[in-house]
Amino acid sequence: MKKFVNDPKQFVPEMLKGIQLANPGKISYVPDYNLIMRADAPNDNKVSIVQGSGSGHEPAHVMIVGKGMLDGACPGDVFAAPPIDYVVESSKLLNSAKGVLHIVNNYTGDRAAFRDAAEELEDEGIVVKTIFVDDDVAVKDSLYTVGRRGVAGNFFVIKAVGAAAEQGASLDELVALGDRVNNVIRSMGMALTGCAPPAKGDPIFTLAENEIEMGVGIHGEPGRARQELTSANEIVDQMLEAILTDRKPISETETAAPIFNEGDEVALMINGLGGTPISELYLLYGYAHQQLEAKGFKVWRSYVGEYCTSLEMAGMSITLCKVDDELKELLLAPAEIPIRVF
Amino acid sequence: MAGSSLEKIELVVRTIAQTSMDNEKYFTDLDGVVGDGDFGTSLASGFGAILEQWDSLDRTTGESFLLGCAKIISRNIGGTSGSIWRAAFRSAGKSISGKETLTWEDVVTMFRNAAEGIMDRGGADLGDKTLLDALVPAVDAFEKEMKNGGNTQQAVDAAAKTAREQAEVSKAWIAKRGRAAYTGERSKDTYDAGAVAVAVMVENIALRAIQN
């Protein structure tokens, strides 16, 4: 697969250097820990919010560092959780009098790195709390998880918590808010093609011309089913059905009631996985919006574009977020990140 | 911490580390049958780093020594394996916090806490065909022997024998955790690399105990 690469080992550092140089005065870069942080962080009047995860999901998470969003992101290599010392040292550099909040997508490697780091930070007297995001409805467990995966819906957690932190919310308030948002977001993804990590060179899986993978995670790990390619509308129907009827497991035998009910107001996200043009994303959005309205939902706001990707994978995910007045205000609060500034 | 207790901890850790180095290829080959084949290499990189930094480990207390080992492991073994071995050493260290000397009951508690740390991080339970299926029965055997009035050597020997038996018994099981779990039925009749590694480690501890 053709890519813009110099040395695969330097793929992530060279990208991070680019982010720093493109945002003078706003972003700092600490090469030792792959850390991209707000130049004005830490701020003792505000909880510092740190994300980790692997690289390859951009703009998540290094390109959503900024006012009203993350204070720092310390990714590992492409699709690899950050080493524990990246998390420990980044959190120390961002330590604020109000504490440090970690937001972690529910993948086994990320969970382990952040839990281990939190223990070491506590030993050193740094106050850390963690929110785990697990919005994916496709599978209960996958190759890399115990429990549901955290995917593109993490945007809503970060945006809401980021806005509340800017307004001075305490660490405990942010944890409660983050958990509350995580409980009103549901996502499902699908792939038209695989993707190739720079160090590997080859696609991690290949799909035939007429095949799609339904229910992929954000590393292209398998989902519900490999199936025949159908029309765009049929794909949207299948994914909306899965999201709207989802019953999250709350124990080995019990499931929660579906969270979306007729009359609810929702935010609708169509997230591109990296290799799907925005024209196709709006085509998908248009149909999804109409279907939701036809089912009695009120689409409050649209989010169309790339929020959490898998390198150059063609495909998309749909996220619904049920909103109320508090959440709407937080989602509408101003935020500024390195991309999308005009 | 009184000299003899710390020396015993050092002896056990050093034996575990040396066993990992000496068996890197053997453990990796075992894991390669149904796992992802990195078990031996992971252990060797973590415990190799402990041996390299052996003299500079903080020996103020047994706890500080074990926490130091945990930190080295976390910096040298990636992914879930690193987290599991780190948790084992950290939990063991925390369990003897503030203790000057260790009784045999403390040793049992230390290993039980290590096993709990592993369960917590790996999400595995007994019977899932992991290293726990050798470790936990071995600790039980050690405890039983001590309760029945045996000496330390007899108890360690009993633990080694049980660990080896359990590594053999679990061979027939289906893996439910770790990368091997994804092979389902294919994991039957293959050794769990972690269970075998624990058996070899405890056997070597028993040998070293005799020599000392």
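Helices (H or I, at least four residues) and strands (E, at least two) are DSSP runs, numbered from the N terminus.

## Basis

This is a predicted model: local features need pLDDT of at least 70, side-chain atom pairs need 80 or more, and totals for chains, interfaces and linings use all residues. Residues are numbered from 1 along each chain as its sequence is written, chains are lettered from A and ligands numbered from 1 in the order written, and side-chain values use heavy atoms, without hydrogens and water.

## Pocket in chain B

The second largest pocket holds about 1,000 Å³. A pocket is an open set of points on a 1 Å grid over the protein atoms alone, with protein on both sides within 12 Å along at least five of seven lines; lining residues have an atom within 4 Å of a point. Of its 38 lining residues, Val12(B), Val107(B), Met110(B), Phe111(B) and Ile205(B) are the closest to the centre.

Helix α1(B) gives the largest share of this lining, nine residues. By class, the lining of the second largest pocket has 30 nonpolar, six polar and two charged residues. Ala, Val, Leu, Ile, Met, Phe, Trp, Tyr, Cys and Pro count as nonpolar, Asp, Glu, Lys and Arg as charged, and the others, Gly among them, as polar.

## Helix α4 of chain A

Helix α4(A) covers residues 154–166. Its 13 residues reach 18 Å from first C-alpha to last, close to the 18 Å expected at 1.5 Å a residue (1.5 Å times one less than the number of residues). Twelve of the 13 are buried, meaning under 20% relative accessible area, with exposed over 50% and partly exposed in between (1.4 Å probe, protein chains only). Among the buried residues are Phe155(A), Phe156(A) and Lys159(A). Just after α4(A), Gly168(A) takes a positive phi of about 95 degrees.

## Salt bridges

The structure holds 39 salt bridges over all chains, each a side-chain nitrogen of Lys or Arg within 4 Å of a carboxyl oxygen of Asp or Glu. Arg148(A) pairs with Asp246(A), with the closest N and O atoms 2.7 Å apart. Arg148(A) lies in the loop between β6 and α4 of chain A and Asp246(A) in the loop between α6 and β10, so the pair ties together parts 98 residues apart in sequence. Both residues, Arg148(A) and Asp246(A), are buried.

In chain B, Arg164(B) and Glu203(B) meet at 2.8 Å, N to O. Arg164(B) sits in helix α8 and Glu203(B) in helix α9, 39 residues apart. Arg164(B) is partly exposed, at 26% relative accessibility. A network of salt bridges links residues including Arg115(A), Asp116(A), Arg86(B) and Arg90(B).

Terms used. 1 Å grid on protein atoms, 1.4 Å probe; cavity = no way out; pocket = protein on both sides within 12 Å on 5 of 7 lines; lining within 4 Å. Points joined across faces, edges and corners; volume = space filled by probe spheres on them.
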